[in-house]
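Here is a friendly walk through one model, from its ligand site out to its loops. Have the sequence and the 3D view open as you read.

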Amino acid sequence: MRMVDIIEKKRDGHTLSKEEIEFFIKGYTKGDIPDYQASSLAMAIFFQDMNEEERAAMTMAMVNSGDRIDLSQIHGTKVDKHSTGGVGDTTTLVLAPLVASVGVPVAKMSGRGLGHTGGTIDKLESVKGFNVEISEEDFIKLVNDNQVAVIGQSGNLTPADKKLYALRDVTGTVNSIPLIASSIMSKKIAAGADAIVLDVKTGSGAFMKTLEDAEALAHAMVSIGNNVGRNTMAIISDMSQPLGRAIGNALELQEAIDTLKGQGPDDLTELVLTLGSQMVVLAGKASTLDEARQLLESAIHTGQALEKFKTFISNQGGDASIVDHPEQLPRARYQIHFQAQKDGMITEMIANEIGVASMMLGAGRQTKEDVIDLGVGIVLNKKVGDRVTKGDSILTIHSNKENVDEILDKLQESITIEEKGEVPTLIHKIITE
Ligand code: URA
Ligand code: CA
């Protein structure tokens with residue numbers, strides 16, 4: 001096989017065989033196929049697309065390019081949840097202990113990554129002592145004993161994706177549905193998921209800005225999952241404004257605890273129950289979504305979910321007393337209010353801009369070397385649709401710097417107050433095939 005023939009075939013709009021896709025992925029991972037040929041093929045795919053079979057083959061070729069996590073020793077169906085990323089997305093922190101408390105095994109591998117806040121691991125590390133550097137053996141034992149554990153990314157997972165994603169980043173080929181979908185799905189499958197629940201975000205704070213693009217990506221991923229034997233479904237949820245009220249690491253951990261107590265923000269609670277119900281059904285712990293939702297609601301009301309969270313924290317070396325004493329969490333030195341400049345209704349809180357403001361406070365990493373400030377962030381006292389009078393506090397900025405003028409300017413641009421406007425729908429669509 002010659003790489004140039006594969007490039008020409010795709011360039012001319014033909015379908016690549018599984019063998020051709022495997023030849024490309026194997027050769028590129030090993031270094032036998034140079035970047036210029038790989039980037040040429042990526043561009044051909046960008047323009048000519050891939051059909052369902054090609055997308056599935058691409059995904060599995062990337063899965064097979066490196067290690068795979070073997071979760072077969074864990075009893076039950078391992079359902080993984082993946083979010084395409086947003087601002088203040090506290091869902092994993094709530095979902096993991098919540099669904100575990102009704103018997104769904106959660107074996108979560110998580111990274112740190114770049115972004116407006118840290119990742120799930122960074123947020124959990126606001127609890128003193130919490131440790132994700134555990135052996136795979138201990139990880140599996142913890143999930144079997146307590147249904148939930150989180151481990152830091154280890155091993156050589158999907159090296160083909162790593163290399164190809166970096167290449168796409170500099171060759172104008174990131175924004176291609178078949179390439180994004182296979183990239184995300186390969187990572188989930190390599191991490192051992194039997195079934196996958198996807199939370200595809202749409203809006204200013206999301207990777208997919210429009211509903212149309214989010215839908216196309218969701219369909220592509222669901223179809224890949226189902227084609228390779230992983231029960232997969234997707235929810236398309238709003239990310240035009242931040243999710244919940246907290247953006248930050250310790251702040252979001254606190255928000256997760258509140259939500260597990262049944263005192264969380266409405267939107268976060270609703271999204272968690274929607275995603276959670278799907279996970280419970282996929283894991284076979286309930287036969288209908290209604291039944292699943294009732295199980296989850298009851299786990300919150302009885303305190304069972306919160307208990308699960310405490311055990312999860314202490315199992316991994318964390319001090320679970322923070323659940324009852326959240327004042328022990330890292331906290332920023334200054335709390336500064338951002339006030340309404342006039343009376344009216346909040347019609348816009350641009351998620352992406354508020355995310356950047358959190359990053360400027362030190363809540364997230366811009367480069368891998370950046371150190372996160374766990375206590376800082378932003379709390380939304382109002383959300384889109386709320387009425388305000390001049391002088392009301394819209395946001396509280398949690399900062400370790402006294403001067404936040406630059407951040408106040410940024411926030412000024414991201415919040416709009418008008419006579420009236422529309423409240424965005426939280427859950428746009430549910431896609432099962
Ligand atoms: N996220 C991924 O993991 N891969 C992509 O290709 C795009 C976003
Ligand atoms: Ca939040």
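Thr 158 sits in the loop between strand S3 (148-152) and H8; helices (H or I, at least four residues) and strands (E, at least two) are DSSP runs, numbered from the N terminus. Its phi is near 40 degrees, a positive value in a residue other than glycine.

Before going on, a word on the ground rules. This is a predicted model, in which local features need pLDDT of at least 70 and side-chain atom pairs count only at pLDDT 80 or more, while totals for chains, interfaces and linings use all residues. Residues are numbered from 1 along each chain as its sequence is written, chains are lettered from A and ligands numbered from 1 in the order in which they are written, and side-chain values use heavy atoms, with hydrogens and water left out.

**Backbone with positive phi**

Most residues other than glycine have a negative phi. Asp 49 is not a glycine, yet its phi is positive, at about 70 degrees. Asp 49 belongs to the loop between helix H3 (35-48) and helix H4 (52-63), and its relative accessibility of 35% makes Asp 49 partly exposed.

**The ligand site**

Which residues are around ligand 1? They are Tyr 165, Arg 168, Ile 180, Ser 183, Ile 184, Lys 187 and Phe 207; a residue is counted here if one of its heavy atoms lies within 4 Å of the ligand. By class, this shell has 4 nonpolar, 1 polar and 2 charged residues. For these classes, Ala, Val, Leu, Ile, Met, Phe, Trp, Tyr, Cys and Pro count as nonpolar, Asp, Glu, Lys and Arg as charged, and the others, Gly among them, as polar.

The table lists side-chain polar contacts with the ligand, a polar contact being a pair of N or O atoms within 3.5 Å; within protein, one must be able to donate a hydrogen and the other to accept it, and residues adjacent in sequence count only if both atoms are side-chain atoms.

| Side chain | Ligand 1 atom | Distance |
|---|---|---|
| Arg 168 | oxygen | 2.9 Å |
| Ser 183 | nitrogen | 2.6 Å |
| Lys 187 | oxygen | 2.5 Å |

On its own, ligand 1 has 240 Å² of accessible area, and the protein covers 86% of it; accessible areas come from the Shrake-Rupley method with a 1.4 Å probe, and for residues only the protein chains shown count as cover. Helix H8 (159-169) and helix H9 (177-190) are the elements that give two or more residues to the shell. H9 gives the most, with 4 residues.

Asp 161 ties in with this site. It is found in helix H8 and is buried, with a relative accessible area of 4%. The side chains of Asp 161 and Ser 183 are joined by a polar contact of 2.7 Å. Leaving aside neighbours within four places in sequence, Asp 161 is in contact (heavy atoms within 4.5 Å) with Met 62, Ser 183, Ser 186 and Lys 187.

Gln 278 lies in helix H12 (residues 266-282). Is Gln 278 buried or exposed? It counts as buried, because its relative accessibility is 9%. Beyond four places in sequence, its contacts are Val 197, Met 233, Ile 235, Leu 289 and Ile 430.

Ala 340 is in the loop between strand S7 (334-339) and strand S8 (344-349), and at 5% relative accessibility it counts as buried. Ala 340 and Ile 415 are 75 residues apart along the chain, with their C-alpha atoms separated by 9.3 Å.

The UniProt record (unreviewed entry) annotates residues 345-418 as "domain: Pyrimidine nucleoside phosphorylase C-terminal"; UniProt positions are given in the numbering used here, feature names are shortened, and annotations may be inferred rather than shown by experiment. The end C-alpha atoms of this span lie 5 Å apart, and the span is 28% helix and 30% strand.

Glu 419 is in the loop between strand S12 (415-418) and strand S13 (427-431). Glu 419 is exposed, with a relative accessible area of 62%, and, leaving aside neighbours within four places in sequence, is in contact with Met 345 and Arg 387. Glu 422 lies in the loop between S12 and S13 and counts as exposed at 75% relative accessibility.

Notes. Buried < 20%, exposed > 50% of the residue type's maximum accessible area, 1.4 Å probe, protein only.
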